[in-house]
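Have a look at the fold before reading on.

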Amino acid sequence: QVQLVESGGGLVQPGGSLRLSCAASGSIFSINAMGWYRQAPGKQRELVATITSGGSTNYADSVKGRFTISSDNAKNTVYLQMNSLKPEDTAVYYCNFAGTGSSHRYFNLWGQGTLVTVSS
């Protein structure tokens, strides 16, 4: 079994910064890719950023230049540094891991979600 635990959400003023973390634990053989998604009230879940095990990154246009995704592969942890936050960034943020368990079975898991609120 593989579990994901997110942390780092909260309330921040416009223009502020937050850092989200998501750690995977359990019977992991390898991780292929990690990512962050978000879902605002009344909207569908959308991609924020992804990173592969090789370090290739991809960002939504709305966060380019403001958000940075990174990972610590030794710790099976992915981070999302969010700068210059805007009210429209308010959402529940979910991490996602895709990989292979110790039984060599593929998994694609979601974190429990962490609320980010950008408001003055």
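What follows covers the overall build, the surface and one set of paired strands.

## Ground rules

This is a predicted model, where local features need pLDDT of at least 70, side-chain atom pairs count only at pLDDT 80 or more, and totals for chains, interfaces and linings use all residues. Residues are numbered from 1 along each chain as its sequence is written, and side-chain values use heavy atoms, with hydrogens and water left out.

## Overall build

The protein chain has 11 strands and 0 helices (DSSP runs numbered from the N terminus: E of at least two residues for strands, H or I of at least four for helices). Its radius of gyration is 14 Å, close to the 14 Å from the globule rule for 120 residues, so the chain is as compact as a globular protein of that length (taken over C-alpha atoms; the rule is 2.2 Å times the number of residues to the power 0.38). The C-alpha trace spans about 50 × 25 × 25 Å along its principal axes.

Of the 120 residues, 42% count as buried, meaning under 20% relative accessible area with a 1.4 Å probe, protein chains only.

## Around strand β4

β4 (residues 28-39) pairs with β9 (residues 91-101) in the antiparallel sense over 10 bridges; two strands pair if DSSP finds at least two bridges between them. Here Ile-31 has Gly-99 of β9 as its bridge partner.

β4 also runs antiparallel to β5 (residues 46-52), joined by 6 bridges, with Gly-35 opposite Thr-50 in β5. These two strands make a hairpin with 6 residues between them, and Gly-42 in the turn has a positive phi of about 80°.

How values were computed
Buried < 20%, exposed > 50% of the residue type's maximum accessible area, 1.4 Å probe, protein only.
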